[in-house]
Amino acid sequence: MAMQMQGAEEDRVGMMRQLAGNMVRFGWYSGISWLADRASARAGDRRPKVVHKYPVPSRDELMQDLRALFRADAALVRDGLAVADGAEPAGGLLDHLARVRAMFADIGDAAERRQSGDTDTVKDYADMSGVPDYFAQDFHFQKGGYLADESARIYDVQVETLFYGAASAMRRMAMRPIAEFMAGRDQRRVKLLDVACGTGRLLREIRLQYPAMGLTGLDLSPAYIKEAQQHLSGLRRVAFLTANAEAIPLPDASQDIVTTVFLFHELPPQVRRQVAREMARVLRPGGQLVFIDSLQMGDRPGWDGLLEGFPQRFHEPYYRHYAIDDLDGLFAEAGLAASGETTAFLSKVMVRRRV
Ligand SMILES: C[S@@+](CC[C@H](N)C(=O)[O-])C[C@H]1O[C@@H](n2cnc3c(N)ncnc32)[C@H](O)[C@@H]1O
């Protein structure tokens with residue numbers, strides 16, 4: 001009884017820590033975002049005025065939703081489904097500040113790339129031979145595309161700046177469906193694959209919560225995999241595969257859970273379908289897919305203008321189609337049946353079961 005009360009007290013403290021951590025992150029990245037906008041304007045970046053056909057939410061609405069996301073994130077800790085503040089700052093404060101500096105140092109170049117509309121600069125920074133054409137682009141005007149070390153180094157800071165510090169909390173929304181799947185299961189017998197693991201942020205959250213689960217991260221970029229390995233160092237081993245998600249080098253029905261976060265909006269339509277088929281192939285029957293990516297048109301009709309504006313501000317060549325793609329149909333065709341769906345701030349979480 002005393003131990004139970006102590007556990008509940010720890011969960012409450014963890015929840016408050018998580019909430020406080022998110023508020024600090026929000027303040028910090030809002031400040032960075034403000035400064036980055038100014039630095040960009042000083043560098044001569046005249047962003048096109050976004051033309052809205054669809055409605056955009058008010059600042060109050062956005063803030064209300066952000067608070068709801070942070071509450072949902074804190075509830076994960078309260079309910080014992082995630083470890084408090086597992087991800088920030090990844091390599092300590094000094095390392096974080098160095099990355100923020102590196103992001104600012106890139107702003108002038110990024111402004112130039114945006115103004116010139118030249119999104120084929122990647123070959124100047126990284127060897128793109130042997131990767132598919134759609135991958136060999138500088139998404140969101142990053143320098144060198146996904147294969148460049150510098151891009152991997154500043155990615156987390158860029159993404160958190162874009163989402164005002166809410167990216168980690170959106171990713172962690174995978175933890176509840178994972179916990180639901182895990183109920184009554186022995187984690188030592190469960191295998192999870194994170195497709196397009198990037199710098200390993202979600203994998204770290206999962207490893208902290210499930211120290212004995214068999215974890216694999218897959219990404220096409222060795223530079224991002226290297227970051228992920230560093231990010232997970234000191235924790236129990238995670239296997240990494242440098243590979244294309246269109247041809248996952250794992251046997252059929254070998255995984256219990258597949259996760260994928262912020263990938264599909266960067267894939268051409270046919271590639272999305274192929275990757276869905278591959279994720280379904282490696283899942284065991286009854287296995288679970290947890291998919292997180294941007295909201296789509298109509299998910300929150302009052303917010304459609306935001307989705308319309310995003311590809312006008314950033315180089316996201318496949319986002320417009322993603323925003324209207326039939327993900328339900330695409331997953332169903334791949335043999336993945338609906339098992340839950342929700343929105344979380346600017347993202348959606350889709351849960352699917354392998355039939
Ligand atoms: C926007 S990032 C998302 C990374 C990470 N999941 C996250 O939560 O931040 C997209 C990632 O997808 C990877 N990627 C893109 N196309 C891929 C493909 N065909 N196969 C494997 N990885 C791919 C990129 O290298 C990059 O790490």
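**Entry 1: cores**

I began with a definition: a nonpolar core is a set of buried Ala, Val, Leu, Ile, Met, Phe, Trp, Tyr and Cys residues joined through side-chain atoms within 4.5 Å. Buried means under 20% relative accessible area, exposed means over 50%, and partly exposed is in between, with a 1.4 Å probe and protein chains only. I also noted that this is a predicted model, where local features need pLDDT of at least 70 and side-chain atom pairs count only at pLDDT 80 or more, while totals for chains, interfaces and linings use all residues. Residues are numbered from 1 along each chain as its sequence is written, and side-chain values use heavy atoms, with hydrogens and water left out.

Which residues touch the most other members of the largest nonpolar core? I found Phe-264 and Phe-331, in a core of 96 residues. Helix H9 (residues 269–282) gives this core its largest share, six residues.

I then listed the contacts of Phe-331, taking contact as heavy atoms within 4.5 Å. Beyond its neighbours within four places in sequence, Phe-331 is in contact with Phe-264, Ala-276, Met-279, Leu-289, Phe-291, Leu-336, Met-350 and Arg-352.

**Entry 2: salt bridges**

The structure holds 20 of them.

Lys-348 is buried at 2% relative accessible area, and Arg-352 is buried at 1%. Glu-341 is partly exposed at 45%. I also found a network of salt bridges linking Asp-299, Asp-328, Glu-341, Lys-348 and Arg-352.

Next I checked Arg-99 and Asp-95, whose closest N and O atoms are 2.8 Å apart in their salt bridge. Why are these two about one helical turn apart? They are four residues apart in helix H3 (residues 93–116). Arg-99 is buried at 13% relative accessibility, whereas Asp-95 is partly exposed at 25%.

**Entry 3: the second largest pocket**

I wrote down the terms before the values. On a 1 Å grid over the protein atoms alone, a pocket is an open set of points where a 1.4 Å probe fits, with protein on both sides within 12 Å along at least five of seven lines; lining residues have an atom within 4 Å of a point. Grid points are joined across faces, edges and corners, and a volume is the space filled by probe spheres set on the points.

The second largest pocket has a volume of about 270 Å³. It is lined by 17 residues, and Met-173, Arg-176, Pro-177, Glu-180 and Thr-342 lie nearest its centre. Helix H2 (59–78), helix H6 (175–182), strand S6 (336–344) and strand S7 (347–354) each supply at least two lining residues. S6 gives the most, with six.

Six of its eight residues are buried, so H6 is largely enclosed by the rest of the structure. Those six are Met-175, Pro-177, Ile-178, Ala-179, Phe-181 and Met-182. H6 is followed by Gly-184, whose phi is positive, near 80°.

Asn-22 sits in helix H1 (residues 2–42). Asn-22 is buried at 0% relative accessible area. Leaving aside neighbours within four places in sequence, Asn-22 is in contact with Phe-70, Asp-73, Ala-169 and Arg-172.

Technical notes: A salt bridge is a side-chain nitrogen of Lys or Arg within 4 Å of a carboxyl oxygen of Asp or Glu.
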